[in-house]
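Here is a note on a structure that may be new to you. Please keep the sequence and the 3D view open while you read the numbered points.

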Amino acid sequence: MAVSIIHRATGVALSFAGLGILTWWLFALSSGPDAYATFTKAATHPLGLVVLVGITWSFFQHLLSGIRHLVMDTGAGFELGINKTFAILTVVGSVVLTAAVWFYLLGMAK
Amino acid sequence: MSVGGSSTPLGKVRGLGSAKHGGEHWLTERATSIALLLLGTWLIASLLLLPQLDQRTVLEWLHAPSGAVPMALFIVVGFKHALDGVKVVVDDYVHEPGTNFATNLVLLFLAIGGGALALFALARIAFGGVA
């Protein structure tokens, strides 16, 4: 149940913050060095990094719980034990993938 | 429209759910989700595989068809999926018909406007000279 409401919350976050930042990023890229510098400054600010890490986690969480919902749409995976294991795996998976991406990105920046 | 045989006779008569129709919306949301599974994985993998994320490197990536075409698809399918998904949330919580219509209309304009802005920026990158 918790994973189901998280699916909605992350979906709303991705719709507004995620697509909003993607659009800003593309627009800044296309607008020249000054606009891109402004974007980079915001994105590398501690607060900006928190938002970007949050978006990354939302992306992986929504992707994994989305796969879970697609499986459940076929009528499979409703048994209590399997259902709970699958739900927990989406959270574990999203945290691991988010950590992996950011360790890689921050390592690359050095 | 009835998908599958699980709905009750009353549900079929009423047209299913708080949106009053929805079979096609439901299927579109699933189709776009499967497309985004591929496109989203492509986007994350591409960003990680770029040697660095400075402006020149990213512009060269999005200037090439191999970057620009999947990104265009991601924008179109992403905004469509976001619009379909947020509508489900709105229809679940905003019951008054007038407010529901107004909220969905604002979200429709936001999605179309945001998608147009993102596509315009991408087109400027793809069809312009690399800075």
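1. **The interface.** Start where the chains meet: 23 residues of chain B are in contact with 22 residues of chain A. Two residues are in contact here if their C-beta atoms, placed from the backbone, lie within 7 Å. On the chain B side, H2, H3, H4 and H5 each supply at least two of the residues that touch chain A. H5(B) provides the largest share, seven residues. By type, this side of chain B divides into 15 nonpolar, six polar and two charged residues. Ala, Val, Leu, Ile, Met, Phe, Trp, Tyr, Cys and Pro count as nonpolar, Asp, Glu, Lys and Arg as charged, and the others, Gly among them, as polar.

2. **What kind of model this is.** The model is predicted: local features need pLDDT of at least 70, side-chain atom pairs count only at pLDDT 80 or more, and totals for chains, interfaces and linings use all residues. Residues are numbered from 1 along each chain as its sequence is written, while chains are lettered from A and ligands numbered from 1 in the order in which they are written. The model scores ipTM 0.93 and pTM 0.89. Chain B averages a pLDDT of 89, and 83% of its residues score at least 70. pLDDT is the predictor's confidence in each residue, from 0 to 100.

3. **Chain A.** Chain A has four helices and zero strands. Helices (H or I, at least four residues) and strands (E, at least two) are DSSP runs, numbered from the N terminus. The radius of gyration of chain A is 17 Å, well over the 13 Å that the globule rule gives for 110 residues, so chain A is more spread out than a compact globule. That radius is taken over C-alpha atoms, and the rule is 2.2 Å times the number of residues to the power 0.38. The C-alpha trace spans about 55 × 25 × 20 Å along its principal axes. Of the 110 residues of chain A, 25% count as buried. Buried means that 20 or more other C-beta atoms lie within 10 Å of the residue's own; exposed means 12 or fewer, and partly exposed is in between, with C-beta atoms placed from the backbone. Among contacts in chain A between residues at least 6 apart in sequence, 72% join residues at least 24 apart.

4. **Chain B.** The pattern along chain B is α-α-α-α-α, with five helices and zero strands. Of its 131 residues, 22% count as buried. Residues 24 or more positions apart account for 63% of the chain B contacts with a separation of 6 or more.

5. Which residues touch the most other members of the largest nonpolar core? Of its 33 residues, they are Leu29(A), Leu62(B), Ala82(B) and Leu122(B). Two or more residues each come from H1, H2 (33-44) and H3 (46-73) of chain A, and from H2, H3, H4 and H5 of chain B. H4(B) gives the most, eight residues. A nonpolar core is a set of buried Ala, Val, Leu, Ile, Met, Phe, Trp, Tyr and Cys residues joined through C-beta atoms within 7 Å. Leaving aside neighbours within four places in sequence, the contacts of Leu29(A) are Tyr36(A), Gln55(B), Val58(B), Leu59(B), Ala121(B) and Ile125(B).

6. **Helix H3 of chain B.** In H3(B), residues 55-63, the buried residues are Val58(B), Leu59(B), Trp61(B) and Leu62(B). Seen down the helix axis, they fall within an arc of 160°, so they line one face of H3(B). The arc is that of the directions from the helix axis to the C-beta atoms. Arg56(B) and Thr57(B), on the other side, are exposed. The cover over the buried residues includes H1 (2-31) of chain A, together with H2, H4 (65-93) and H5 (97-127) of chain B.

7. Ser33(B) lies in H2(B), residues 23-49. Ser33(B) counts as buried because 20 C-beta neighbours lie inside 10 Å. Beyond four places in sequence, Ser33(B) touches Gly66(A), Leu70(A) and His81(B). Val94(B) lies in the loop between H4 and H5 of chain B. With 16 other C-beta atoms within 10 Å, Val94(B) is partly exposed. Not counting residues up to four places away in sequence, Val94(B) touches Thr99(B), Asn100(B) and Thr103(B).
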